[in-house]
Amino acid sequence: MRGLQNDDEGAARSGTTETTMEPTPYPQPKSHFRENYVKLAKEIKKLKKNFYFIRSKIGNDLESMRRGRREFNEEEELEKIRKDCESKLQEAGIQSPRVFLISSFDLNLYDFNLLNEALENDLPNIKKSVYILSLLNLNVEIVEKKRKELKKQIWMLAALSGVVGAVPVPGVSIACEIAIVIGGIIHFCKCLGLDDASLQRLANRTVKPVEDLKTVWKTPLLGEITAEIIT
């Protein structure tokens, strides 16, 4: 309304952290750290639970700052937001708070991968494996982690096959081994997002036909997995 940019002389200060420190006729920006966040963090600490502070909608904040300034440094703004959150938590008595800046629309950007790593590292091995395999295949890093976890399960399937092989009944061993392999492949496909339901969700998200996604497959295991295919 006043025809000013944020960094013009006489303009009201605004930003991604709290900037109105004295009473003025200008409204506070909407993205400042709120007191309720600290109260919630304290209660979580009382319960001796792991605490993560996730600052969402970072993309919106950066875009707003970018439009309002002639000179804009994204890394500096991200660091300013992070330091502001950390300092407020530390003032409340929370030592070494872990703050993650994410955007729901750009999960490949900012701290989304760091958040996943923090969650994984704080889980025991069994829960860690389940957590990794339950993630959506949003980027190459997640798919690679899943590949490593699934590779570990091959030994479990092989051990199960060995136990079944000890059964002294003709035909039982090979039939069970084929069933184990089929079950394993179907499970792997679901974890890697290669089953029909997962492919449909991916097609909807990327606005591409499912058939176009399947054309890049190089595996013969496309479609229904049967005993004949495995044999």
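**View 1. The buried residues of helix H2 pack against strand E1 (53-55), helix H3 and strand E2 (99-101).** The model shown here and in the other views is predicted. The buried residues of H2 are Ile58, Gly59, Asp61, Leu62 and Met65. Around the helix axis they cover an arc of only 160°, so they sit on the same side of H2.

**View 2. Helix H2 (residues 58-67) packs with helix H3 (residues 74-91) at an angle of about 125°.** The axes of the two helices are 11 Å apart. An angle between 115 and 145 degrees is neither roughly perpendicular nor roughly antiparallel, and H2 and H3 are therefore oblique to each other. Their crossing is right-handed. From H2, the residues Ile58, Leu62, Met65 and Arg66 take part in the contact, and they meet Glu74, Glu77, Leu78 and Ile81 of H3. Sorted by type, the residues of this contact are 5 nonpolar and 3 charged, with no polar ones. Ile58, Leu62 and Met65, which meet H3, are also among the buried residues of H2.

**View 3. Helix H4 (residues 112-121) and helix H5 (residues 125-134) cross at roughly 150°.** Their axes come within 9 Å. Angles over 145 degrees count as roughly antiparallel, and H4 and H5 are therefore roughly antiparallel to each other. On the H4 side of the contact are Asn116, Leu119, Glu120 and Asn121; on the H5 side are Lys128, Tyr131 and Ile132. These residues divide into 3 nonpolar, 2 polar and 2 charged.

**View 4. Glycine 183 is a residue of helix H7 (residues 172-191).** Its relative accessible area is 36%.

**View 5. Helix H8 (residues 196-206) has Ser198, Leu199 and Ala203 as buried residues.** Seen down the axis of H8, these buried residues fall within an arc of 140°, so they line one face of the helix. Just after H8 comes valine 207, which has a positive phi of about 55°.

Conventions. Residues are numbered from 1 along each chain as its sequence is written. This is a predicted model: local features need pLDDT of at least 70, side-chain atom pairs count only at pLDDT 80 or more; totals for chains, interfaces and linings use all residues. Side-chain values use heavy atoms; hydrogens and water are left out. Buried means under 20% relative accessible area, exposed over 50%, partly exposed in between (1.4 Å probe, protein chains only). Helices (H or I, at least four residues) and strands (E, at least two) are DSSP runs, numbered from the N terminus. The arc is that of the directions from the helix axis to the C-beta atoms. Axes are lines fitted to C-alpha atoms, for helices over the stretch in contact, and angles run from 0 to 180 degrees between N-to-C directions. Angles under 35 degrees count as roughly parallel, over 145 as roughly antiparallel, 65 to 115 as roughly perpendicular and the rest as oblique. Contact means heavy atoms within 4.5 Å. Ala, Val, Leu, Ile, Met, Phe, Trp, Tyr, Cys and Pro count as nonpolar, Asp, Glu, Lys and Arg as charged, and the others, Gly among them, as polar. A crossing is left-handed if the near helix is turned anticlockwise from the far one by less than a right angle, and right-handed if clockwise.
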